Amino acid sequence: MDLNPFDIGVFLAFIGVVVAFSMFKSRREKTSEDYFLAGRGLTWPLIGLSIVAANISTEQFVGMAGQGAGSIGLAVSNWQLFGSIGIVVIAFTLLPRFLKAGIYTMPEYLEYRYNSAARALMALTTVVIYVAVLLTAVLYSGGLTLQKIFGVSLIKGIWLIGSIAAIYTVWGGLKAVAWADLFQGGALLLGGIVTFFLGLHACGGWEQFSTVNADKLHMVLPASHEGLPWTGVLSGMWIVLVYYCGLNQFIVQRNLAAKTLRDGQLGVIFAGALWLLIPFAIVLPGIMSYQLYGDQMAAADEAFPTLIRNLIPAGLRGFMLAAIAGAVISSLASMLNSASTIFTMDVYNRMLDRNAPQARLLLLGRVTTAVFIVAGCLLAPRLSDPRFGGVFQYIQQFQGYIWPGVVAAFLFGMVVPQAPGPAGVAALISGPIVYGLFQKFAGRLHFLIQVALTFAIVVAIMGLITLLKPLDKPRALPVREDLDNRTAPEVKIAAFVVLAAVAVFYVIFW
């Protein structure tokens with residue numbers, strides 16, 4: 001795709017404004033709370049847009065659009081629609097509990113509930129997953145997109161987006177990330193919606209598009225479907241979404257930084273509302289691309305880039321490049337900041353030096369951010385190997401090693417106050433082992449069903465340990481005294497509107 005001087009100017013201006021503004025807003029970060037939790041001062045619009053920007057990147061633009069173009073079709077939107085439901089439920093259940101405890105990280109909560117071993121296990125596992133799976137996949141998919149659309153080499157594209165994300169994340173931490181996401185979250189949604197309408201026009205309008213692609217416009221697929229059977233959606237997807245929306249550090253960190261409970265709850269519900277746009281901004285354009293240019297694609301993951309290359313007119317290309325680059329950068333920045341937070345607070349400060357001064361924690365946070373982005377850039381080109389089965393599948397399948405054990409540890413610990421420390425540790429150890437056994441010996445079973453079965457086995461193990469050696473007295477959690485823990489009426493109204501909109505979508509595209 002050729003870029004004219006105007007396109008290049010738009011792209012450079014967008015990236016320049018984002019980086020400069022975010023660095024300006026985060027110029028006074030002096031403590032670990034400032035750097036990692038934005039001084040606990042984020043308001044709900046920032047939280048909502050930042051969650052969306054962190055969540056939606058080129059693994060969605062590339063991976064979800066690719067699965068939409070492939071055999072799964074619109075049903076891949078279940079990830080976002082179920083996510084909208086899940087994040088509303090979490091706003092009233094897990095979020096108040098975590099905010100009241102005043103924690104920095106999710107592993108920190110496990111120490112209060114179980115013991116320091118549980119915290120260390122989750123911290124180390126999370127850092128490995130973030131760097132080896134999430135960072136790597138986002139960098140790869142971003143580099144691939146730049147390669148397919150603009151002819152940039154894969155490796156150069158990976159290092160370009162990685163460097164931009166690192167600049168303001170190293171400088172300003174979570175506050176810089178959140179303010180950058182205000183621009184980038186809006187740009188990526190607007191870019192996706194523009195692409196949707198251009199694609200719909202090229203397909204001959206909605207009536208013709210829906211007729212040609214009638215077999216792809218269903219949210220519920222048969223139990224025998226290899227890609228996303230309804231049995232997997234109902235049995236395992238809820239476990240994934242409890243983890244992703246309620247326990248995943250790079251999403252939850254924004255909630256932990258909320259100024260008030262009202263801001264935290266409205267922020268996540270706002271994010272759930274914006275997620276309802278994803279089928280239109282990403283999945284349906286992927287289906288349109290297959291209809292229009294299926295014969296030009298070597299793989300389904302090329303659907304969205306192919307649509308952009310063929311449909312976006314001169315003058316808008318710079319904006320689309322900025323939107324796609326912004327999507328990658330925002331997700332990268334979020335993951336970098338969260339991985340750095342966990343390593344600094346849960347590994348270094350808790351396990352190695354409990355009396356570390358604030359200046360050292362800030363320096364370590366910045367250094368680890370830089371180290372993690374270099375590691376991700378070095379690993380990312382390896383995902384071009386076709387045995388990984390596409391970037392979206394890679395992300396979902398390999399995170400199965402962490403989902404069941406972590407969700408079991410948190411939920412069982414909340415529901416059963418007598419669960420002892422060894423039960424939490426057993427959950428975090430047995431989860432990856434059991435899931436790995438399913439991956440090795442039950443490969444034909446959809447990975448979501450493997451996740452559900454792993455979760456059930458882990459809960460059974462925790463139950464047995466609790467039965468044999470229950471706690472005499474439930475462990476006390478810390479309490480943040482300055483937090484009003486009452487839910488505002490407008491929060492309940494917003495939650496009802498989002499859930500009603502999800503129900504309407506499912507009725508239309510059943």
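What follows is a close look at one helix, and then at other parts of the structure.

Q: Which residues of helix α23 (residues 489-508) are buried, and what covers them?

A: Happy to walk through it. A word on the basis comes before the details: this is a predicted model, in which local features need pLDDT of at least 70 and side-chain atom pairs count only at pLDDT 80 or more, while totals for chains, interfaces and linings use all residues. Residues are numbered from 1 along each chain as its sequence is written, and side-chain values use heavy atoms, with hydrogens and water left out.

Helix α23 covers residues 489-508, 20 residues in all. Helices here are DSSP runs of H or I with at least four residues, numbered from the N terminus. From its first C-alpha to its last, α23 reaches 30 Å, close to the 28 Å expected at 1.5 Å a residue; the expected span is 1.5 Å times one less than the number of residues. The buried residues of α23 include V491, A495, V498, V502, F505 and Y506. Buried means under 20% relative accessible area, exposed over 50%, and partly exposed in between, with a 1.4 Å probe and protein chains only. Seen down the axis of α23, the buried residues fall within an arc of 100°, so they line one face of the helix; the arc is that of the directions from the helix axis to the C-beta atoms. On the other side of α23, P489, K492, I493, F496, V507 and I508 are exposed. The cover over the buried residues includes α5 (78-92), α14 (261-275) and α15 (278-293), where contact means heavy atoms within 4.5 Å.

One of those covering helices, α5, holds I90. With 8% relative accessibility, I90 counts as buried. I90 touches L95, P96, L241, V242, C245 and G246, leaving aside residues up to four places away in sequence. I90 and V268 are 178 residues apart in sequence, and their C-alpha atoms are 8.6 Å apart in space.

In α1, D7, F11, F14, I15, V18, V19 and S22 are buried. Viewed down the axis of α1, these buried residues fall within an arc of 110°, so they line one face of the helix. P5, F6 and L12 are exposed on the other side of α1.

Helix α3 (residues 44-55) has 10 of its 12 residues buried, so it is largely enclosed by the rest of the structure. The buried residues of α3 are L46, I47, G48, L49, S50, I51, V52, A53, A54 and N55.

For helix packing, look at α13 (residues 249-256) and α17 (residues 317-352), which pack at an angle of about 80° with their axes 9 Å apart. The two helices are therefore roughly perpendicular to each other, a label for angles of 65 to 115 degrees, with under 35 roughly parallel, over 145 roughly antiparallel and the rest oblique. Axes are lines fitted to C-alpha atoms, for helices over the stretch in contact, and angles run from 0 to 180 degrees between N-to-C directions. Q249, F250, Q253 and R254 of α13 meet S334, M335, N337, S338, T341 and I342 of α17.
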